[in-house]
Amino acid sequence: MQLDEFFVTGEPLIYAGMVSIALVSAAILFILTYFKKWGWLWREWLTTVDHKKIGVMYILSALAMLFRGGADALMMRTQLAFPNMNFLNAQHYDEIFTTHGTVMIIFMAMPFLIGLMNVVVPLQIGARDVAFPYLNALSFWSFLFGAMLFNISFVIGGSPDAGWTSYTPLAGAAMSPGPGQNFYLMGLQLSGIGTLATGINFMVTILKMRAPGMKMFQMPIFTWSTLITSFIIVFAFPILTVALALMTLDRVFGAQFFTLTGEGMPMMWANLFWMWGHPEVYIVILPAFGIFSEVIATFARKQLFGYKAMVWAIILIAGLSFLVWVHHFFTMGAGAFVNSVFSISTMLIAVPTGVKIFNWLGTLYKSRINNTVAMMWSLAFIPSFVIGGVTGVMLGMASADYQFHNSYFLVAHFHYVLIAGTVFACFSGLVFWYPKMFGHKLNERLGKWSFWFFVIGFHVCFFPQYFAGLDGMPRRVFTIIPEWMPLNIISSVGAFGMGIGFAIFVFTVVYSYRYSEREKTGDSWDDGRTLEWATPTPVPFYNFATVPHINSMDAYVKLKEEGKTTFDEDKLEPIHMPSNTGQPFIMMAFLFVASFGVVFEWMWMAIAGLIAGVVMMVIRSFDYDEGFHVEIDEIKRTERSTRGL
Amino acid sequence: MSSHELKTGPLEYRTQEGQMTIMGFWIFLAAEIVLFSTLFATYAVLFGRTADSTPPGELFEPGIVLIMTFLLLTSSFTCGLAIHEMRRGSVKGLLIWMMITLLLGLGFLGFEIYEFIHYTHEGATMQSSAFWSAFFTLAGTHGLHVTLGIGWAILLLIQVAKRGLTPRTSRKFFVIGLYWHFLDVVWIFIFTSVYLIGMVV
């Protein structure tokens, strides 16, 4: 392989990308060296097993991925604003819409939510860490290395260009030769390991590590949604693992699963992909529902209306999510009977979702709303998501879907549910729990600017796309005809509005770091209802000095009434905590090397990386580290200083 | 993270860490069931799609597959005996029965490798048709699991020989016992739905 085949050449935008990557990397290396921060980086972050720090790293990475996916989106909207634009050529456009979709779902939405789960769930249930802290670090590094592998494709080897769904035979070796598609397969495979591990980890954490007395139906709703999401992860991700592995066997080892030769069956990919892919959209929406429920209950200053109905709705949605996958390809021709079954199961999902909408409205009804930025994101979600949901039911009618399929109507629908659902929830949750993570709030005034730019930009961007779709504009075209121009110009303006909103958000983070008042109490919003607000801020690494006995919902409301805290000096005992370890980072770095080898079909590299990874697992097996104990004196000192006693 | 240790009951369940690991492993096995189900479904969909290659009915033979089945089922029994010895507190019994288990597992693997080479010589390879891709992937994934299980068990044998039976070592053996029985269950499905059906069609 020649060097000019290894690096992507000939595109000015990509050269600019290379230069900026080189500059940013050099700047990071320089800063770390100049301020002698290498040791700090290794000790505090790369080797940490603390769920709060892992959560923060997830969220920071997800924000970087949101930037990358957003940059892709803005490039697409620029290209589509006017007919016959020459900003991106067809090939480059295909690569960008593929990476936009993949990055946003796999490397932005999921890690962002998993980051929030990591920070919040152990605190909400009164646990001192997750069930398997080592595995948690492993999950994070597998995600980060998978994301890096996928992201370097645009400068090394070339990006995948078969869409985020990677339908065969287009994505097969015959029609997409070269490393591009392999980056997709290996990047997702590597990060998928971590996602599955996260699912197992949170299920055990929530089932086994709740505070004494806390019953399942007393758990905070975000914890419930995390538990159910973990179920979906455990039952859906292995399907993706298999699907990716089969396509890898096809492409790298010449197997015939999805090929047109050897009686392979390209349509089977669509089935396998969506048997994972549909539960996946609930993996990114259920935690979002959980976040909105927490935020709305807190700032409406009421107990969540219809808590039990809410929980059962989540469970029903999770069950139904496995029974609707065919609605993604009604037009493939499964026949009227099959399409009818999946059409009905699809529309059934609207029922529990509708229940939840009424739960939120019921919570808001006759409440005294505290209009914070976090609450505004949640309030904006309800009507916006309903628009996405109703158009989803339209798409779910199989016969009507023959008209909507593959048009911008669909594009508008799934952006309405994913942005108004997941992205709004990420912002809402981040703003809400920000003081717990960083010890100060985000500036509310700037936050409102960012909110309005983003939300108005969102509607201006995607609402016209419904009509562009009804006017016959197909998705995945790289250029438009003049008739579609007015709607597309409006849409592009909206997209840049969202870009501005995001930029203001980033500025808010920097501004608040410098100027926001530092938190003095643990209950940042004064109306905290769940246990995370009972901890002092900054949260001690062991979370709870003493874990209170829980006997009701909204545990912290009860504690406040009774005047109790999570620091009961008479009940202090030494706390057992896990030791930091660099093994997960190193293990995943080796598997990254192995995956890179598979991408370029350099088997010597793949095997060497795999062997090194296995050696790390053997080392882990022989590692009998027992962790350490935090002594009572240290707990007293920490609690007194953080609580200002 | 509670470090309280119970004084009675099986060693592997005495610490909270042990209980959580075993539960986590059960959930992992649930994920493995989904993984194998997907492979079985793929196999079922691609069944009969042999294109120009040899159909399975001409290659599958009852003899060798029966021996493999016998070896693996027996290994599951000896693995159960090993865990029984562990519960009785006998390191020696555990080691002996576990080594017998591994020998049986190795025998199974040997036959499987022989079988795969034989099919390859007859022109049925991963590349020859959709059916054979599905067959080699399904049976191969199971074989890979057995291989990993053997490697893993050897590591645990060294650990228990060095450290004796503690809550941690017995938890590790209990977990690999679950894993081994699981592979047996998967094999029963492969034996019936792949080999038996493949022979008569």
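In this predicted model, F424(A) touches F292(A), W377(A), A380(A), F381(A), S384(A), I419(A), F454(A), V455(A) and F458(A), leaving aside residues up to four places away in sequence; touching here means heavy atoms within 4.5 Å. F424(A) also turns up, with F135(B) and F173(B), among the residues with the most contacts inside the largest nonpolar core, which has 254 residues. Such a core is a set of buried Ala, Val, Leu, Ile, Met, Phe, Trp, Tyr and Cys residues joined through side-chain atoms within 4.5 Å, with buried meaning under 20% relative accessible area (1.4 Å probe, protein chains only). Helix α9(A) gives this core its largest share, 20 residues (helices are DSSP runs of H or I, at least four residues, numbered from the N terminus).

Now for the place where the chains meet. Chain A puts 42 residues into the contact and chain B puts in 40 residues. Together they bury about 3600 Å², 69% of it on carbon and sulfur atoms; this is the accessible area (1.4 Å probe) lost on being put together, summed over both parts. On the chain A side, E263(A), F622(A) and Y624(A) lose the most area to chain B, together 19% of what that side buries.

The chains share 1 salt bridge, a side-chain nitrogen of Lys or Arg within 4 Å of a carboxyl oxygen of Asp or Glu. E626(A) and R168(B) pair up in a salt bridge at 3.5 Å, N to O.

Residues are numbered from 1 along each chain as its sequence is written, and chains are lettered from A in the order in which they are written. Local features need pLDDT of at least 70, side-chain atom pairs count only at pLDDT 80 or more, totals for chains, interfaces and linings use all residues, and side-chain values use heavy atoms, without hydrogens and water.

Methods:
Buried area = accessible area lost by both parts, 1.4 Å probe. Buried < 20%, exposed > 50% of the residue type's maximum accessible area, 1.4 Å probe, protein only. Helix = DSSP H or I, 4+ residues; strand = E, 2+ residues; numbered from the N terminus.
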